Amino acid sequence: MADQPAKYTGEFRRETADYIISTGRPITECCAELGLNSKTVNKWVQNRRRELSGEPDPKAEDREPREARRRIRGLEMENAFLKKAAAFFAREQGWPRATG
């Protein structure tokens, strides 16, 4: 069980980041006190500071094109499958093979 990463709720992450931001203490010091990994908590604090300042998420701009490419790949695979299935059933029915 020690090999599994700890799962923290969004509320816990937010409260931990708020605690560190409000106290102004170093992240490593607070993490030692709370028994948390400083690299992980540093990400929480950076995200929370970004939220509080109203800055947009830098990864949000990349997300839409990535999701669109993923969707296009899925549709292309589905289209290829349907073409093969149509050709298979056309042969089963004895229809002449379509070219193109």
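Start by selecting Val 45: with a relative accessible area of 1%, it counts as buried (under 20% relative accessible area is buried, over 50% exposed and in between partly exposed, using a 1.4 Å probe and protein chains only). What you have open is a predicted model, where local features need pLDDT of at least 70, side-chain atom pairs count only at pLDDT 80 or more, and totals for chains, interfaces and linings use all residues. Residues are numbered from 1 along each chain as its sequence is written, and side-chain values use heavy atoms, with hydrogens and water left out.

Val 45 sits in helix H3. Helices here are DSSP runs of H or I with at least four residues, strands are E runs of at least two, and both are numbered from the N terminus. Leaving aside neighbours within four places in sequence, what does Val 45 touch? Show Ala 17, Ile 20, Ile 21 and Ile 27: Val 45 is in contact with these, contact being heavy atoms within 4.5 Å. Try the distance tool on Val 45 and Ile 27: they are 18 residues apart in sequence and 8.6 Å apart in space, C-alpha to C-alpha.

Next, pick Arg 48, also found in H3 (residues 38-53). Is Arg 48 buried or exposed? At 16% relative accessibility, it counts as buried. Beyond its neighbours within four places in sequence, its contacts are Arg 14, Ala 17, Asp 18 and Ile 21.

Now colour H1 and H3. Their axes are 9 Å apart and they pack at an angle of about 80°, which makes H1 roughly perpendicular to H3. Axes are lines fitted to C-alpha atoms, for helices over the stretch in contact, and angles run from 0 to 180 degrees between N-to-C directions. Under 35 degrees is roughly parallel, over 145 roughly antiparallel, 65 to 115 roughly perpendicular, and the rest oblique. Among the residues meeting here are Phe 12 in H1 and Trp 44 in H3.

Select Thr 16, Tyr 19, Ile 20 and Thr 23 in H1, then Ile 27, Cys 30, Glu 33 and Leu 34 in H2, to see who meets whom.

Last stop: helix H4 (residues 60-92). Its 33 residues should span 48 Å at 1.5 Å a residue, and its end C-alpha atoms are 48 Å apart, which agrees. (The expected span is 1.5 Å times one less than the number of residues.) Just after H4, click Gly 94, which takes a positive phi of about 80°.
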